Amino acid sequence: ASGNPTDSKTHKFQYSTDGIGWTEENASQTNGRLIDIAYGNGYLVMAASSKSSGSTLNRNQTKDDVTSPYWLPSNPVTNQGFQGIVFGDYDGGRFVALGGSGSHNSSNGLDWTSVRMSGELVSFAGLGIAYGKGKFVAAGQSTETPIAVSADGGETWALKAGGLGKGFQRIAYNGSRFLAMANNGDCLYSDDADYWYGGTTP
């Protein structure tokens, strides 16, 4: 399944069984646009930008139907909605999402615990998040310290990659390396999430 972050009015998402042919659905359970999607513990969870309805939409994998009626909204957990979500196998498996002025974690995508960021982390403004090597790693818009790392399931965060003067929007993990991307093509990469190196994509 794939969320559609470009449609802010009809909350559309698309799903496919082969990655070639796609079917579009309208997720009417949320009044926010769909931002990101993650899978884990038998659940598909879509992050939404909603401020009043569910910040995520959840579907139990035991159901074969991914059409709109089978998605359930979570209770609102932030007045800003979610910006990014990922699943990691930390402590039996959990989803960690970014939104508002903090991070949020859940084992099932419906019941969430929020962690409010403080100090310099308030201006981090996380957008993308990845999981690898036992760490949740977030990319943010802060031009001072655009990377935040959590080694305890999103409970506490440490800022990394300071002094770059630019923010980053998305991040991914390929099994051995983290890669964060900025809108202008600049990138950061790291093998351990602690030490980061810069570059530019072709």
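pLDDT is the predictor's confidence in each residue, on a scale from 0 to 100. The structure shown here is a predicted model, and its protein averages a pLDDT of 77, with 72% of the residues scoring at least 70. Confidence is highest in strand S16 (residues 170–173), at a mean of 93, and lowest in strand S1 (residues 2–3), at 45. Over residues 1–9 pLDDT stays under 50, although the model has 21 contacts beyond four places in sequence for this stretch. Where pLDDT is low, the predicted coordinates should not be read in detail.

Not counting residues up to four places away in sequence, Trp196 touches Val137, Ile147, Lys160, Ala161, Ile171, Phe178, Leu188, Tyr189 and Ser190. Trp196 also forms one aromatic cluster with Tyr173 and Phe178.

Among these partners of Trp196 is Ser190, a residue of strand S18 (residues 186–190). Ser190 counts as buried, because its relative accessibility is 0% and the limit for burial is under 20%. Its contacts beyond four places in sequence are with Arg177, Phe178, Tyr195 and Trp196.

A pair of aromatic rings is described by the distance of the centres and the angle of the planes. The count of such pairs comes to six. The ring centres of Phe82 and Trp112 are 5.2 Å apart and the planes stand at 70 degrees, so this pair is edge-to-face. Phe82 lies in the loop between strand S7 (72–73) and strand S8 (84–88), and Trp112 in the loop between strand S10 (102–106) and strand S11 (113–116); the pair therefore ties together parts that are 30 residues apart in sequence. Both Phe82 and Trp112 are buried.

For Tyr131 and Phe136, the ring centres are 4.6 Å apart and the planes lie at 50 degrees, so the pair is tilted. Tyr131 counts as buried at 15% relative accessibility, and Phe136 is buried with a relative accessible area of 0%.

Notes. Residues are numbered from 1 along each chain as its sequence is written. This is a predicted model: local features need pLDDT of at least 70, side-chain atom pairs count only at pLDDT 80 or more; totals for chains, interfaces and linings use all residues. Side-chain values use heavy atoms; hydrogens and water are left out. Contact means heavy atoms within 4.5 Å. Rings of Phe, Tyr and Trp (its six-membered ring) pair if their centres lie within 6.5 Å; planes under 30 degrees apart count as stacked, over 60 as edge-to-face and the rest as tilted. Helices (H or I, at least four residues) and strands (E, at least two) are DSSP runs, numbered from the N terminus. Buried means under 20% relative accessible area, exposed over 50%, partly exposed in between (1.4 Å probe, protein chains only).
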